Amino acid sequence: MNGTAPAASEILVVGAGVAAHRFVEQLLRDPDAPVRVTVIGDEGSGPYDRSALVRVFSGVGAEEIQLERSVFRDDRVRLIRDDRVLRIDPSGHTVRTRGRRTYAYDTLVLATGTFGAKVAVDGANLPGCFGFRTVEDVEAIRAFVGSRSRELGRPLRGTVVGAGLHGLQAAEALNERGVDTTVIEFSDRVMPRQLDRSASAVVQGVFRKRGIPVRTGVRTTRLDPDESGSVASLEFQDGSFQRADVVVFTVGVRARDELARNAGLGVHPEGGVLVDERGETSVPSILAIGEVARLEGRGPGYVGAVRVTADVAAAHVRGRDARLPRDLEGGNVAVAGVDIATFGDPLASPASAVEIVTHDDPQAGIYRKLVVSDDGRTVVGGILVGDTSGYAALRALVGEAWRPAHAARLLSAVGGADAVEMCEHATLSAQDLLATAAGAGEATFTSIRDRFGFARGCRRCTLAIARVLLQIAVQRDLRHATAAPEAQREGHSRVLADGTHVVSPVMRDGTLTPKELLAIGELAERYGLRARIADARIELRGVRTEHLRSVRAGLAAAGLASASGAGEQAVLLVAEDLPRLDDPRVASDVQEKGLPHQGKPGKARAGEGSARRVPLRRVGSPAS
């Protein structure tokens, strides 16, 4: 070995789940990284994806949800199973395990996840009562359902206590195995940490159609056995009861933060280890990732966010700058065949935000809500149920500073520029409201609501105001672009030291079709460009000034209008004049894109912008 090689850094990971696996995988991306990694897991089986436990319930083997093992075959990694860390000594940089072993570390990573606390209800330990946290739990439920059904000679009756994501998944899996299942939830709605009452009602309706009733606002007080000693019924606080042959508890989940708490690390009052944007705890040499981590009191809600925390921590250990997003609780999941997406803070207090409900159709299983600031320029959060189109684009706007592309993107999300049917509270038509508000310079929900007599809390009024604000914003951005010099209207480009430019294709929702990818490659080959991935987008580098217009035209032809090298999307449409859009060609293009327009398609009238009519030049498209 080269005597000048740096000493390997000792990395110790406590926990062997998804977060730990992802952290090690990302840490070892550099084959020459001078690290030694020890992973300590307290389960006898190898690391597996806990979010996929329902698949084992449905009949697949436990090995099917195990995480890819090659990462642990690296010579720099040691995996220790069936042992538990009992004590951390931050000053001595060591940990002590149940097996009476001591391990030293330079950097300690806590990936201890969560645990299902014991339910403080009489009878919760009766045969037929189970948790839902480990492979062993799920395999035990599956075996019990089979044996108990044969013993009783009939299909079983089941109850799932807890209507969070895992509870709903457990109920669906029980139902698919022939168990007549009911869900019990103490809160007033299902998935109370993610959904509001309207979204919850849509999800409950879907479960009801599947033959799985959901009872909310119900507290279980005791469980009673039958003559054999197995669970037979549940009693509730309101005096009612329900028969059940199998009961699954998915409540009482808490972060496993006892190691951190006992070691003097900062912890959240409701559980979880406090971290900063880089995943560091209150002790710099100790990081926390996955479900145990809390950034400003919030932890990852879904497995995707768990992986993000591991990515950021691994980057930090490798000496790279990466930061946790504020939106750790959001994500996109499917329950009972229904897509559910949340982002930002969808349950924000109405006192500080405005809720815009664009769709609420329980029969169709669709609910869509945006939460924005009073001026409509900052996305606070949102809930999408049944129809999650545009999720990635909307989530990317959470907390972001205003950019020209935002108005059209949000306008598309609230239904486009078509006039919304006004309710009985309105004194003006939608078009008159737009003209009057724009002329008066009204720029917030509050000012428009108060001036024009809209009812506070009325969904139709709020939706109408949202469309007006966003149409005004789109018009303002278009006029700003019209006043800009030609180079700016084409979309800014970053100029490199050699005088060439960087041009970035604008990708709808951050995705590319195979055809679009080929178009980018053909342009790069034709003009001798270097394609590079930067900040989750593609950059075409080395564009000579004389080729700039041609490259942009090629991207526009492929539906990938160019954006600035700094990440600013090009304006959506550019026109020489925009007093009215009366050219039929222009109007049809604007209607197709969902942008605001005044006047109906037809022949332009004198004095209304007809003197200098030009077709709009398309340089971008709003995300759905």
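At 69% relative accessibility, Arg100 counts as exposed (buried means under 20% relative accessible area, exposed over 50%, and partly exposed in between, with a 1.4 Å probe and protein chains only). That value opens the first exercise below.

Before you start, note that this is a predicted model, in which local features need pLDDT of at least 70 and side-chain atom pairs count only at pLDDT 80 or more, while totals for chains, interfaces and linings use all residues. Residues are numbered from 1 along each chain as its sequence is written, and side-chain values use heavy atoms, with hydrogens and water left out.

**Exercise 1. Positive phi values**

Task: find where Arg100 and Met191 lie, and decide for Met191: buried or exposed?

Solution. 
- Step 1: Arg100 is not a glycine, yet its phi is positive, at about 60°.
- Step 2: Arg100 is found in the loop between S5 and S6. Helices (H or I, at least four residues) and strands (E, at least two) are DSSP runs, numbered from the N terminus.
- Step 3: Met191, also a residue other than glycine, has a positive phi near 45°.
- Step 4: Met191 sits in the loop between strand S11 (180–185) and helix H5 (197–209).
- Step 5: With a relative accessible area of 0%, Met191 is buried, whereas Arg100 is exposed at 69%.

**Exercise 2. Salt bridges across the sequence**

Task: work out which parts of the chain are tied together by the Arg256 and Asp42 pair, then treat Asp83 with Arg101 and Arg154 with Asp245 likewise.

Solution. 
- Step 1: Apply the rule, a side-chain nitrogen of Lys or Arg within 4 Å of a carboxyl oxygen of Asp or Glu. The count comes to 30 salt bridges.
- Step 2: Arg256 and Asp42 meet through their side chains at 3.0 Å, N to O. Arg256 is in the loop between strand S17 (253–255) and helix H6 (258–262) and Asp42 in the loop between strand S2 (35–40) and helix H2 (53–57), so this pair ties together parts 214 residues apart in sequence.
- Step 3: Check accessibility. Arg256 is buried at 19%, and Asp42 is partly exposed at 24%.
- Step 4: The side chains of Asp83 and Arg101 form a salt bridge at 3.8 Å, N to O. Asp83 belongs to the loop between strand S3 (77–80) and strand S4 (85–89) and Arg101 to the loop between strand S5 (94–97) and strand S6 (102–104), so parts 18 residues apart in sequence are tied together. Asp83 is buried at 4%, while Arg101 is partly exposed at 45%.
- Step 5: In the salt bridge of Arg154 with Asp245, the closest N and O atoms are 2.9 Å apart. This pair links distant parts of the chain, 91 residues apart: Arg154 in the loop between helix H3 (135–152) and strand S10 (157–161), Asp245 in the loop between strand S15 (241–243) and strand S16 (246–249).
- Step 6: Arg154 is partly exposed at 28%, and Asp245 is buried at 3%.
- Step 7: Salt bridges that share partners join Asp42, Arg84 and Arg256 into one network.

**Exercise 3. A helix pair**

Task: describe how H14 crosses H15, and list which residues meet.

Solution. 
- Step 1: Two packed helices are described by the angle between their axes and the distance between the axes.
- Step 2: The axes of helix H14 (residues 514–527) and helix H15 (residues 548–557) come within 10 Å and cross at roughly 160°. That makes H14 roughly antiparallel to H15 (the label for angles over 145 degrees; under 35 is roughly parallel, 65 to 115 roughly perpendicular and the rest oblique).
- Step 3: On the H14 side, Ile520, Leu523 and Tyr527 meet Ser550, Val551, Gly554 and Leu555 of H15, where contact means heavy atoms within 4.5 Å.
- Step 4: These contact residues divide into 5 nonpolar, 2 polar and no charged (Ala, Val, Leu, Ile, Met, Phe, Trp, Tyr, Cys and Pro count as nonpolar, Asp, Glu, Lys and Arg as charged, and the others, Gly among them, as polar).

**Exercise 4. A covered helix**

Task: how many residues of H9 are buried?

Solution. 
- Step 1: Helix H9 (residues 404–413) is mostly covered, with 8 of its 10 residues buried.
- Step 2: Among them are His406, Arg409 and Leu410.

Definitions and conventions. Axes are lines fitted to C-alpha atoms, for helices over the stretch in contact, and angles run from 0 to 180 degrees between N-to-C directions.
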